[in-house]
Amino acid sequence: MTGAATAARRLGRDWPALLGLAVIILSTVAAVAAPALAPTDPVKNDLLARLTPPMWVTGGDRAHPLGTDTLGRDVLSRLLYGARVSLVIGLTAVVLAGAAGVVLGLIAGYYRGWLDDVLMRVGDIQLAFPVLLLGVALLSVLGASLGNLIAVLALSGWVTYARIVRGKRCRSPSASSSRRPARLGARDGHVIRRHILVNVWPPIIVVATFSVARVIIAEASLSFLGLGIPPPAPSWGAMLDEGRNYLTTGWWLALFPGLAILAVVLGINLVGDWLRDLLDPRLERGMRTRAPISNARPS
Amino acid sequence: MPGFWLGLMLILVFAVELKGLLPAYGSGSLRHLILPAVALAAAPSPRTCASSAPGCSRCSSRTTSAPPAPRGRRSASCLYRHALKNAALPFVTVAGLSLGFMLSGAIIIETVFSWPGLGRLLVQAASARDFPVIQAGVFLFGVIFVLVNLAVDLLYAVVDPQVRLS
């Protein structure tokens, strides 16, 4: 419990982390309670009220606090429902990537041999390929849907976790100590759970937190290109794409989804910074992005 | 901040609100290049900054750049000649990587600014389900990415005297 108490005290002094946490809680509430909070149905058209400006601008309507889009759909409602899409995709893709990465990393690090070589080389190839490019190529072939979107984003993320697990396993001074129980007759599952996993979870949590932000941006980018979940479902990236064509007449269409993405990503990154300082001070800032290719080669 | 949203806001400010100070889309002149370049550069620049700052500050406090300052050199020349040289190595690494990832950033930015480039071609091919063009585009991007990384590796030899090519 003292660990949790220390964490809470540190959080109290760290206002950026508090701000980030507040944003995350707020967006989660918005996503969960979207049906209750939204003024109208997010996909309901109202062509007579199309392109209504936000309510504080002249011509605005109190029924549509952030205005309406080109089909008369309420921007605020679409933003709230869009939070669902972003958060669900962000969390699911990161959990899938994390689970796959940890398992593959364990296999590679624990059993070594040719399997290790194959997995890590596949990972190198994966890292050399920009996420967005992979997304455009795969989604255009497979077709855009929620499941495919999550699969593509999860596929692009597993290598980082696998490398951390494998690296921790190889580098840790207790590399011999995790072999010793095996020599004493412990089964593999026991050794992995009790001696290896306990050591790898702090960096995994930190990287996963930053990954949620990265995935949310990637999802918005793909939706922006028209490769996200199909319309009329509201997604922040798709809303930006619609707003792009109406910049001269409806600035609010592009402004608010962008602000929403900005706030959520910033909030997650602030909390991620705090988690990193708390859990693993040695973890470098660079872990947030991919490892340089040139450093990936065995020296 | 997503770069494409910054791009939209730049269009909103410089092309719409300021009555066409800078062109909002298309290519042709250097003026067309300003907004897309700024939008694309904004995302990786903090990382470049963060990676070269420790090098600079470390060097400037150390002996390497300290001697010229008492000898009466201006601080700017001191900074360029001594600090920048030492900070160049992490900068080259990060800049090279950013260049690679800017390729994927360009896919989005080219769409925002209707820039007739490889990225936009790829997106249009994707929406038209033109698979041969997608394959060719993805392959070309991959080749460019590898070549950029090769160039970065070769640059190490220039920047870092400890690295020898042969």
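Of the contacts in chain B with a separation of 6 or more, 61% join residues 24 or more positions apart. Keep in mind as you look around that this is a predicted model. Of the 166 residues in chain B, 33% are buried.

Let's zoom in on one pair of helices, α5(B) and α6(B). Their axes come within 9 Å and cross at roughly 150 degrees. Angles over 145 degrees count as roughly antiparallel, and α5(B) and α6(B) are therefore roughly antiparallel to each other. The crossing in which α5(B) passes α6(B) is left-handed. To find the place in your viewer, select B:Leu118, B:Leu121, B:Leu122, B:Ala125 and B:Ala126 on the α5(B) side, which meet B:Val133, B:Ile134, B:Gly137 and B:Leu140 of α6(B). Sorted by class, this contact has eight nonpolar residues, one polar residue and no charged ones.

Now step out to where the two chains touch. Chain B brings 32 residues to the contact and chain A brings 29. On the chain B side, the elements giving two or more residues are α1 (3-17), α4 (75-112), α5 (118-127) and α6 (131-159). Which of the elements gives the most to this side of chain B? That is α4(B), with nine residues. By class, the side of chain B that touches chain A has 24 nonpolar, six polar and two charged residues.

Conventions. Residues numbered from 1 in each chain as written. Chains lettered and ligands numbered in written order. Predicted model: local features only at pLDDT ≥ 70, side-chain atom pairs only at ≥ 80, totals over all residues. Buried ≥ 20, exposed ≤ 12 C-beta atoms within 10 Å, placed from the backbone. Contact = placed C-beta atoms within 7 Å. Helix = DSSP H or I, 4+ residues; strand = E, 2+ residues; numbered from the N terminus. Nonpolar A, V, L, I, M, F, W, Y, C, P; charged D, E, K, R; others polar. Axes fitted to C-alpha atoms, helices over the stretch in contact; angles between N-to-C directions. Parallel < 35°, antiparallel > 145°, perpendicular 65-115°, else oblique. Left-handed = near helix turned anticlockwise from the far one by under 90°.
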